[in-house]
Number of protein chains: 2
Amino acid sequence: MSITVVGSVAFDTIETPAGRMERCLGGAATYFSLAASYFTDVRVIAVVGEDFGAKEQAVFDAHSISTAGIEHTAGKSFFWEGSYLDNLNEAKTHITDLNVFASFSPKIPSAYRDSEFLFLANIDPVLQRRVREAMPQARLVAGDTMNYWIKDHRPALLEVLKGLDILLINDTETKMIAGNNNLVQAARVVMSMGPKALVVKHGEYGATLFHGATPKDESAGRAFRAPAMPLEEVVDPTGAGDSFAGGFFGYLASQPEQSPAVFRRAMFYGSVMGSFACERFGTERLQQITRQEIDNRFNIFRELTHLA
Amino acid sequence: MSITVVGSVAFDTIETPAGRMERCLGGAATYFSLAASYFTDVRVIAVVGEDFGAKEQAVFDAHSISTAGIEHTAGKSFFWEGSYLDNLNEAKTHITDLNVFASFSPKIPSAYRDSEFLFLANIDPVLQRRVREAMPQARLVAGDTMNYWIKDHRPALLEVLKGLDILLINDTETKMIAGNNNLVQAARVVMSMGPKALVVKHGEYGATLFHGATPKDESAGRAFRAPAMPLEEVVDPTGAGDSFAGGFFGYLASQPEQSPAVFRRAMFYGSVMGSFACERFGTERLQQITRQEIDNRFNIFRELTHLA
């Protein structure tokens, strides 16, 4: 089943203890779609400027990702510059130039309208909602958000949450949305706002899936915790969360039904793709993984967590 | 098989968002031995003052923990006061009164000398080493330490590490000992200093076991990650790490052999006991668990992490 994703396609300049890379191809929709492309067909809705050329287009083409929904417009693409010199778990943002993204108005190609899976990457919740409403056939809708929208655009965000099947955010965002510092309680509050499932990403410690309606007993309802890969070297954590989302949602979309067992495996595939993303700068590693490598790492994750 | 543990028996005044408790029975050896007592016989080496009375003694007696090695001396017991008002993951220490602990010189009852399992809780590494040398029959020796000893008593600590089979510490301590900010690399450095196995505790995110001699391939050698329990309410995290150690080492000592599969289950039992410890102030919850509750929670942990 195909996934349509709406989000940013951008250029990133990134500095980490491993080095510095100028103007890598990045953006949430890029990481997401590359990661998801190993599992299913992906279609992107985004906007880019004149600096997005044949070289960038080729990255999508090599993974058969549909770019009919990427609007080309005058100006420059979204640009971000950040560093992780002190802390690999948290980027320090130096520059955010929205450029053409400032007036992004998602346009959905008619060929996308049969996508049963829709991913709303981290953009203005007003746009997330508009895309969701324009794609009523989508039967499984997942999304992401960030502190900026949670703090300053809460009413619009709450509207988006109502229409989500799955929300993927981190610990801090979960607690911030809920106004509650206990993760289990916060997860329940967030799920009462709409999402039927909540994936809380813990960075290097993996991620927890909360699903089921009433996580109130001592097992925290139906929770499932996927590990992250203990990595010898984290070259660049940029996009790890979006890559997690791509692996997770890509695997879900590739399966005939989305049972609890499939959700569990999807959590593992999310962690697998997130771990690959960190091994090189930008999307470099995501561009060249084999299915065999993915399956090998899935098995390592099983070995890492299962009793026998 | 019996475990001998050397460490602190103390009184703690603790403040958390859930409330304040004055002078709870605490100390690493207390948490450790209560947690381990659900799995095997435990013998304690410690020192207490005149404030340690029949009420405190009864806690150990109720769990058939041998206290022949607890020396009673003039003065007051070790006292600690701390709070977790801003952050449940990190105590803010208000008062540390070593009292009788300042001149602690461990005395090992002859009846303890056949213990094949020895746990060196977080005390002066000079004392850890002395106890280890006085118990040459111990065939599995595990230990803990903390930032203070790592920073200011490194030579003595390195001597202790040489004699350890298993070291249980947290992320920060691992990186501090190794002088390396990558956990996998740091784990390898620490293990090159002596311990054949390293358990790195991640607080609310569980713990990772590194074992095997050469964790150099992409699977980080033989690593195993146990989750922590997503808890509705963390009443008091004091002693969670010591309780983890007690569950982990207690289970290991209870088994006829310490195979890799047994180590994995021990990681789960460690997390189980750590999660119970957080549910009430001090050792209150650890004093009254049933074996059935332990096994139920073990099964929840399996459910929380296993694909099917």
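**Strand pairing and salt bridges in the predicted model**

Strand β3 (residues 19-26) of chain B runs antiparallel to β2(B), and the two are joined by six bridges. Six of the seven residues of β2(B), which spans residues 10-16, are buried, so the strand is largely enclosed by the rest of the structure.

Over all chains, 36 salt bridges were counted. In chain A, A:E71 and A:K107 form one of them, with 3.1 Å between the closest N and O atoms. This pair links distant parts of the chain, 36 residues apart: A:E71 belongs to strand β5 (residues 66-72), whereas A:K107 lies in the loop between β7 (92-97) and β8 (117-120). Both partners are partly exposed, A:E71 at 25% relative accessible area and A:K107 at 45%.

A salt bridge between A:E303 and B:R264 (3.2 Å, N to O) joins two chains, because A:E303 is located in helix α10 (residues 291-305) of chain A and B:R264 in helix α9 (residues 260-277) of chain B. B:R264 is buried, its relative accessible area being 9%.

In chain B, B:E159 and B:R129 form a salt bridge at 3.5 Å between the closest N and O atoms. The pair ties helix α5 (residues 154-162) to helix α3 (residues 125-134), parts 30 residues apart in sequence. In chain A, shared partners join A:E15, A:R20, A:E22 and A:E81 into one salt-bridge network.

Terms used. Residues numbered from 1 in each chain as written. Chains lettered and ligands numbered in written order. Predicted model: local features only at pLDDT ≥ 70, side-chain atom pairs only at ≥ 80, totals over all residues. Heavy atoms only, no water. Buried < 20%, exposed > 50% of the residue type's maximum accessible area, 1.4 Å probe, protein only. Helix = DSSP H or I, 4+ residues; strand = E, 2+ residues; numbered from the N terminus. Pairing = 2+ DSSP bridges. Salt bridge = Lys/Arg side-chain N within 4 Å of Asp/Glu carboxyl O.
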